[in-house]
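Morning, everyone. I have one chain to show you today. Take a look at it first, and then we will walk through it.

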Amino acid sequence: MSPPNSPLSDQDILLLWDHAFEADPDERDKRYLTVAYPYPSGAMHVGHGRTYIAPDVIARFLRMRGKNVLYPMAFHVTGAPVIGISKRIARGDTKAIALYRDLYRVPPDVLARFTDPLAIVRHFSDEYQRVMRGCGISIDWRRRFTTVDPPYSKFIEWQWKHLREAGHVTKGAHPVRYCPQCENPVGDHDLLEGEKAEILRFTLVLFRWQDAFIPTATLRPETVFGVTNLWVNPGVTYVRALVDGVPWIVSQEAARKLALQDHVVEIEAEVPGTSLVDEVVSHPLCGEVPVLPARFVDPDMASGIVMSVPAHAPFDFRALRDLQEEGRYTGISPVSLITVPGYGAFPAQEAVEKAGITSQDDPRMEEATLEVYSAEFAKGRLLEKFGGAPVREARDSVAALMTERFGSVPMYEFDTRIIVCRCGGPVFVKILHDQWFLTYSDPAWKAQVTSHLGEMDLVPPEVRTEFERTVGWLKDWACTRRVGLGTRLPWDPDWLIEPLSDSTIYMAYYTLAHHLREFPAELLVPDVFEYLFLGKDSPDLPKRAKLEEMRREFLYWYPYDFRFSAKDLISNHLTFQLFHHVAIFPRDCLPKGMVVFGMGLLNGAKMSSSKGNVFLLEDAVREFGADTVRMFLVGSAEPWQDFDWRNDLVASTRRQIERFSSLVRESLHAGDEPGAMDRWLESRFQGHIDRATLALERFQTRQAVQEAFSSIEADLKWYRRRLPPGSTGGTSLRDLCSAWVLLLAPFIPFTAERLWRELGGEGLVSFAAWPDPAEERVDAALEISEELLSRTVEDIESILKIIKLAPTRITLFTAPGWKRAIFSAVASAENKNTVMKEIMREEEMRKRGKEATDAVRQCTTLIHRLPPAVASSLLQEMPDETALFREASGFLSREFGVPVAVEDAESGTHPRASSALPFKPAIVIE
Ligand SMILES: [Zn+2]
């Protein structure tokens with residue numbers, strides 16, 4: 001501990017907090033907050049920091065509001081990522097070693113052990129806990145676990161038994177993202193690049209060429225009727241390969257892909273692209289067509305050769321045009337086959353010409369393609385001679401016909417070009433057999449989720465549509481893997497449950513994690529969890545009394561109140577966990593709310609560990625201090641907005657905290673009898689408490705920092721300015737500053753804990769009562785008078801700045817009674833358009849003529865510019881301006897160093913006097 005009488009150090013405070021945030025059930029109202037747990041495979045950066053600090057601010061706020069708050073943390077270590085990392089380190093991959101040695105600063109002896117994947121997760125989970133504690137995150141660490149702990153695996157086995165019995169797990173063959181190097185399907189967490197990639201299902205249309213077939217991949221099989229030619233890339237070397245015994249001409253990349261998609265592929269010979277150009281091919285649905293050269297054909301996209309429908313595909317139209325502009329293939333004309341409202345016979349030509357595209361290399365080609373594609377899919381119809389069906393029906397029926405009669409098969413391909421596994425290798429689509437799937441496509445299951453979603457509190461409200469959309473499009477999810485860390489599927493132990501599938505209801509596990517750790521894993525049979533989580537009793541339960549106590553604890557904490565996570569998890573984890581909750585838990589244990597965060601930027605660019613664009617959280621804490629990091633992360637943007645870490649802005653946050661500390665310490669020396677300014681300060685303070693509380697109740701951390709720090713600091717600045725010379729401030733300042741420390745305690749708990757001790761506060765500030773606004777201390781009239789005075793001071797300052805003359809005398813002219821009457825009439829008028837007529841109906845005003853109509857206009861403008869709170873306050877009570885300024889004339893003279901006179905504008909002789917308005921006196925500087 002620090003020597004007596006010296007301020008507490010952060011280390012002292014961490015010791016005081018050591019077990020302070022361990023939460024057990026009691027008679028208080030509970031709040032259970034949870035954050036998506038981290039995957040500890042690298043050091044935490046400031047972006048991660050906000051994910052845990054923002055909920056911590058809320059947890060600390062709720063604790064001070066008298067709630068029993070549970071905020072637990074665990075570590076997600078399931079899956080292949082750490083295995084990939086350990087493999088890369090084992091084989092001496094310089095990029096991986098540089099990342100861990102230089103960026104994450106893993107000591108050499110520890111790094112040497114990283115060839116064991118568990119050594120990686122052990123190292124980083126300890127480091128995460130250490131850094132989170134250092135940031136003052138108030139976690140109940142007794143509940144920490146990892147997803148490979150034996151009791152957790154038992155819990156997952158129970159969950160999966162349950163899911164299977166409810167029919168939510170099926171077996172089948174499905175296309176999945178797959179890394180041949182790792183021999184494993186890969187999820188988002190396993191990717192270095194291409195997380196958003198979707199798998200598309202193409203139809204291969206087989207054109208005959210000599211004794212072989214040329215498959216072309218299309219998402220629009222119905223357009224086969226309009227094919228005028230094929231496209232090959234003359235710069236590419238294709239191969240002739242036996243695919244399931246039939247000779248095909250495809251790109252080399254395609255041959256490799258087809259082998260992963262249930263085909264037996266044997267390469268026989270190379271076929272230069274040039275040798276295909278000008279050959280003739282045929283298909284029963286379009287007859288004979290030539291093969292033409294085109295640069296846009298990508299050998300790494302599906303089969304590497306495409307069919308050309310220039311009437312309806314902008315790329316095909318433009319590539320044909322490019323050739324024809326060189327005088328080649330001028331005999332080929334587009335063949336129209338679809339009618340669509342808003343377009344003529346050749347929509348592709350219209351889209352290209354409307355956009356002014358003059359080459360197939362124009363980047364806007366994608367946009368034109370999407371435009372035609374969407375229009376034709378939504379409203380297009382095939383011409384009568386091709387059957388007349390709507391496009392959306394013809395697409396499936398033509399594909400079925402070609403599959404049945406003309407040898408077509410599906411081919412799967414990503415919608416994104418570059419997808420890289422964490423091991424560094426490329427990712428492919430593979431058809432997996434005997435794969436287990438969670439049936440997220442099940443409409444009944446979706447309906448349950450949608451219905452519960454409607455009852456949840458989602459913050460910010462805009463994310464609701466994104467959740468609804470995700471529930472709508474989710475397809476069956478490949479939930480098992482061959483390789484990795486994790487829990488084995490209980491009924492098919494060759495498979496492991498993959499990471500996104502074993503982390504869906506662990507929020508329930510947290511409620512009992514510290515108890516479950518004490519059970520030998522073999523006692524944790526499914527019946528135990530049936531009892532603990534669902535209350536289903538069965539004979540022969542072990543440790544009956546202990547289980548009953550645990551059941552009560554679960555029911556006390558569950559459901560969780562809010563789950564926090566970054567927005568990139570909406571499309572998977574955050575939605576998955578709802579599916580699992582509705583499948584397993586009764587209604588009264590379903591999640592109550594979610595808060596979705598924005599992303600972190602570093603100097604304006606997206607933070608990314610793999611690209612090295614990160615600032616480590618620990619470095620930030622060392623350089624700026626934990627409180628500065630916290631206040632910046634939650635105060636510079638609302639949680640759902642993106643924040644941008646810039647060292648200069650962070651440094652200014654540090655100075656704010658330093659100013660706060662000095663102001664609070666100065667309050668200890670305040671010794672004067674409290675006066676009007678102390679009453680004003682207290683009155684204002686009640687409003688700040690009220691608004692900071694409201695903001696935190698809505699998770700608006702930035703707004704709360706504005707109220708709890710900036711606004712109060714500004715008030716104190718004015719207060720100090722208004723004190724008579726030599727005054728140290730009223731003795732009530734000390735209580736006010738105590739309350740200020742309370743307001744900032746959730747944001748800057750170290751500083752607050754330190755100051756609380758110095759002010760003689762009882763116990764830890766972390767558990768002190770959050771201040772309540774006291775209505776009896778609010779003095780609206782006093783606040784409005786000071787508002788007028790400070791506005792007038794600002795006006796004088798800006799005039800002085802403009803005239804750049806040393807003044808000798810300042811005169812304030814206050815508005816006469818009749819203008820005050822106009823001001824009130826305008827301020828209270830419901831209809832600002834008719835207020836002029838209303839006022840001018842009065843005889844006295846009519847007599848004043850233009851002077852009165854001008855005053856109405858000026859008052860309207862003035863009221864319009866006032867903050868609504870000030871305007872409505874003025875409606876209640878107009879200050880006696882002459883009395884106010886006379887009383888403050890001493891202060892004003894001191895401020896400006898010249899005599900200040902106050903006169904009624906009506907009796908004033910100066911020409912400017914007539915411009916005086918209520919709440920805006922005329923100012924004359926001589
Ligand atoms: Zn891999």
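A word on terms before we start. A strand here is a DSSP run of E with at least two residues, and strands are numbered from the N terminus. Keep in mind that this is a predicted model.

Now the whole chain. The secondary structure comes to 34 helices and 31 strands. The C-alpha atoms fill a box of roughly 110 × 80 × 50 Å, taken along the principal axes. Of the 926 residues, 56% are buried. What about contacts? Take those between residues at least 6 apart in sequence: 77% of them join residues at least 24 apart.

Where does Asp-644 sit? Its place is in strand E28, which covers residues 643-645. Is Asp-644 buried or exposed? Its relative accessible area is 19%. The cut-off for buried is under 20%. So Asp-644 counts as buried.

What does its side chain reach? Another is the backbone nitrogen of Asn-603, at 3.1 Å.

On to the metal. Which residues coordinate the zinc ion? They are Cys-179, Cys-182, Cys-421 and Cys-423, each through its SG atom. The distances run from 2.2 to 2.3 Å. Look at the spacing of the donor residues in sequence: C-x2-C-x238-C-x1-C.

Why is the arrangement called tetrahedral? Because the 4 donor atoms around the zinc ion subtend angles of 105 to 115 degrees. For four tetrahedral donors, the ideal angle is 109.5 degrees. Two of the donor residues deserve a second look. Cys-421 is buried, with a relative accessible area of 2%. Cys-423 is buried too, at 5% relative accessibility.

Last stop, the second largest pocket. Its volume is about 1600 Å³. It is lined by 47 residues, and the closest to its centre are Phe-202, Leu-219, Met-301, Thr-369 and Tyr-373. Several elements give two or more residues to this lining, including strand E6 (199-209), strand E7 (212-218) and helix H12 (391-405). Which helix gives the most to the lining? That is H11, with 8 residues.

That is the tour. Questions, please.

Notes: Residues numbered from 1 in each chain as written. Predicted model: local features only at pLDDT ≥ 70, side-chain atom pairs only at ≥ 80, totals over all residues. Heavy atoms only, no water. Helix = DSSP H or I, 4+ residues; strand = E, 2+ residues; numbered from the N terminus. Buried < 20%, exposed > 50% of the residue type's maximum accessible area, 1.4 Å probe, protein only. Polar contact = N/O pair within 3.5 Å; in protein donor to acceptor, adjacent residues only side chain to side chain. Donors = N, O, S within 2.8 Å, 3.2 Å for Na, K, Ca; no water. Tetrahedral: all angles 85-135°; square planar, octahedral: opposite > 155°, others 65-115°. 1 Å grid on protein atoms, 1.4 Å probe; cavity = no way out; pocket = protein on both sides within 12 Å on 5 of 7 lines; lining within 4 Å. Points joined across faces, edges and corners; volume = space filled by probe spheres on them. Contact = heavy atoms within 4.5 Å.
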